[in-house]
Amino acid sequence: MSEEEKNIDIQDDELKSEEASQEENTADEQPVNEEESEEEAAEAEEIDPIQALTDENAKLKDQLLRTIAEFENYKKRTLKEKAELILNGGEKTITTILPVLDDFERALADTNTDDPAAIKEGMELIFKKFIKTLEGMGVKKIETDNQDFDVDFHEAIAMVPGMGDDKKGKVIDCVQTGYMLNNKVIRHAKVAVGQ
């Protein structure tokens, strides 16, 4: 082999080694490029979660505002209903009692009778009708005759001594009748109690 051929072979070897090193560099650069593209993708993903969180925050804020508005409307509506109940709540009671009032008016207008027994009988009938009307609305009289004194139903206004052991702690006399409305005491019976 001549020196020229040797030089050509050496140059070919050098070219091959340069190409091989360039291929290695290219192979090394590709992972670098892949890493760079992964970083770019990660940055892009970082933007998406921020945007997603911003969207979710706006959605939750909208939900909160709507819930607050609904609650405010509910409060206004219930206050209005409560005010109407207070103003018109006694309407049923009044309309139930009006027939008794009519009976009183008729009794007072009937001036032809001078008989006290007839007047008393008329008043008793009206009184019984009134008691029946009240019972229909859930009002009951608190019984006091021969009852044990009970602070839940009675209010002692007097203690009567010397009534004997069988009357001790019992209601002796009822000064003012007590009433219950639907099993709730609305006025305690004022009583005298044996001591």
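Aspartate 103 is found in helix 2, where helices (H or I, at least four residues) and strands (E, at least two) are DSSP runs numbered from the N terminus. The model is a predicted one, in which local features need pLDDT of at least 70 and side-chain atom pairs count only at pLDDT 80 or more, whereas totals for chains, interfaces and linings use all residues. Residues are numbered from 1 along each chain as its sequence is written, and side-chain values use heavy atoms, with hydrogens and water left out.

With a relative accessible area of 13%, aspartate 103 is buried, a class defined by under 20% relative accessible area, as against exposed at over 50% and partly exposed in between (1.4 Å probe, protein chains only). When residues up to four places away in sequence are not counted, aspartate 103 touches Ile126 and Lys129, a contact being defined by heavy atoms within 4.5 Å.

The protein as a whole contains three helices and six strands, and along the sequence these elements follow the pattern α-α-α-β-β-β-β-β-β. Of the 195 residues in the protein, 9% are buried. Among contacts with a separation of 6 or more, 59% are accounted for by residues 24 or more positions apart.

Helix 3, which spans residues 116-136, has 21 residues and reaches 30 Å from its first C-alpha to its last, close to the 30 Å expected at 1.5 Å a residue; the expected span is 1.5 Å times one less than the number of residues of the helix. The buried residues of helix 3 are Ile126, Thr133 and Leu134. Seen down the axis of helix 3, these buried residues fall within an arc of 95 degrees, so they line one face of the helix, the arc being that of the directions from the helix axis to the C-beta atoms. They pack against helix 2 (91-109) and strand 1 (139-141). On the other side of helix 3, the exposed residues are Ala117, Lys120, Glu121, Leu125, Lys128, Lys132, Glu135 and Gly136. Helix 3 is followed by glycine 138, whose phi is positive, near 95 degrees.

Grid points are joined across faces, edges and corners, and a volume is the space filled by probe spheres set on the points.

The largest pocket holds about 230 Å³ of space, and its lining consists of Asp103, Ala107, Leu108, Asp110, Thr113, Ala118, Ile119, Gly122, Met123 and Ile126. By class, the lining of the largest pocket divides into six nonpolar, two polar and two charged residues, where Ala, Val, Leu, Ile, Met, Phe, Trp, Tyr, Cys and Pro count as nonpolar, Asp, Glu, Lys and Arg as charged, and the others, Gly among them, as polar.

In the second largest pocket, about 150 Å³ of space is lined by Phe127, Ile131, Leu134, Glu135, Val139, Lys140, Lys141, Thr177 and Tyr179. The lining of the second largest pocket divides into five nonpolar, one polar and three charged residues.

In the strand region, histidine 154 is found in strand 2 (residues 154-160) and counts as buried at 6% relative accessibility. Beyond residues up to four places away in sequence, which are not counted, histidine 154 touches Ile142, Glu143, Thr144, Gln147, Asp148, Phe149, Val171, His188, Ala189 and Val191.

Most residues other than glycine have a negative phi. Asparagine 182, in the loop between strand 4 (179-181) and strand 5 (184-187), has a positive phi near 50 degrees and counts as exposed at 59% relative accessibility. Asparagine 183, found in the loop between strand 4 and strand 5, has a positive phi of about 65 degrees although it is not a glycine, and at 61% relative accessibility asparagine 183 counts as exposed.

How values were computed: On a 1 Å grid over the protein atoms alone, a cavity is a set of points where a 1.4 Å probe fits but cannot get out, and a pocket is an open set with protein on both sides within 12 Å along at least five of seven lines; lining residues have an atom within 4 Å of a point.
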